[in-house]
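Subject: Handover of a structure and notes on what was found

Dear colleague,

I am passing the structure below on to you, and my notes follow it. Please read them with the model open beside you.

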Amino acid sequence: MASPTRADALALLHEWNEGVSLRNHGLLVEAGVRGYAAPANVRKRMKDKAFARAVPREMLLAGAEELGLDFDEHVERMVRYLSVVAPEVGL
């Protein structure tokens, strides 16, 4: 299965989020994930209560599991797929 393109991801973002603020939030989440480039850093940050404060840790781990991926592999893919947003959000 081919990896989705950024255009594919943006199309889904726009399809499922009509409001500009929700779309911008999606772009900022994308940029935020890029900031935690290594899976080890994400695991370390998960211990910090301020990191993704509103997201239960179990949900972060469950996302990878639902995709049939090891958590570290999931983080690596997310960083790779989402890093392209940095220019759009001024990072």
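In the protein chain, confidence is lowest in H3, at a mean of 71, and highest in H1, at 88, where confidence is given as pLDDT, the predictor's own score for each residue from 0 to 100, and where helices (H or I, at least four residues) and strands (E, at least two) are DSSP runs numbered from the N terminus. The mean pLDDT of the protein chain is 77, and 80% of its residues reach 70 or more. Where pLDDT is low, the predicted coordinates should not be read in detail.

Two remarks on the basis of these notes come next. This is a predicted model, in which local features need pLDDT of at least 70 and side-chain atom pairs count only at pLDDT 80 or more, whereas totals for chains, interfaces and linings use all residues. Residues are numbered from 1 along each chain as its sequence is written, and side-chain values use heavy atoms, with hydrogens and water left out.

Overall fold

Of its 91 residues, 20% are buried, where buried means under 20% relative accessible area, exposed means over 50%, and partly exposed is in between, with a 1.4 Å probe and protein chains only. The protein chain exposes about 6600 Å², of which carbon and sulfur atoms supply 60%; these areas come from the Shrake-Rupley method with a 1.4 Å probe, and for residues only the protein chains shown count as cover. Among contacts (heavy atoms within 4.5 Å) between residues at least 6 apart in sequence, 57% join residues at least 24 apart.

The nonpolar core

The largest nonpolar core has seven residues, namely Val42, Met46, Phe51, Ala64, Phe71, Val75 and Val79, a nonpolar core being a set of buried Ala, Val, Leu, Ile, Met, Phe, Trp, Tyr and Cys residues joined through side-chain atoms within 4.5 Å. Helix H3 (39-46) and helix H5 (71-82) each supply at least two residues of this core, and the largest share of it, three residues, comes from H5. If its neighbours within four places in sequence are left aside, Met46 is in contact with Phe51, Arg57, Leu60, Leu61 and Phe71.

Glu73 forms a salt bridge with Arg77, and the closest N and O atoms are 2.9 Å apart. Glu73 and Arg77 are four residues apart in helix H5, so they are separated by about one helical turn. Glu73 is partly exposed, with a relative accessible area of 32%, and Arg77 is also partly exposed, at 31%.

His74 has its place in helix H5 as well, but His74 is buried, with a relative accessible area of 14%. Not counting residues up to four places away in sequence, His74 touches Ala64, Leu67 and Leu69. Glu76 also lies in helix H5 and is partly exposed, with a relative accessible area of 44%; Glu76 and Val42 are 34 residues apart in sequence and 9.9 Å apart in space, C-alpha to C-alpha.

Two further residues

Val85 is found in the segment after H5, and at 0% relative accessibility Val85 counts as buried. The C-alpha atoms of Val85 and Leu27 are separated by 6.4 Å, although these residues are 58 apart along the chain. Leu10, in helix H1 (residues 6-16), is partly exposed, with a relative accessible area of 24%, and the C-alpha atoms of Leu10 and Gly26, 16 residues apart along the chain, are separated by 9.4 Å.

With kind regards

Terms used
A salt bridge is a side-chain nitrogen of Lys or Arg within 4 Å of a carboxyl oxygen of Asp or Glu.
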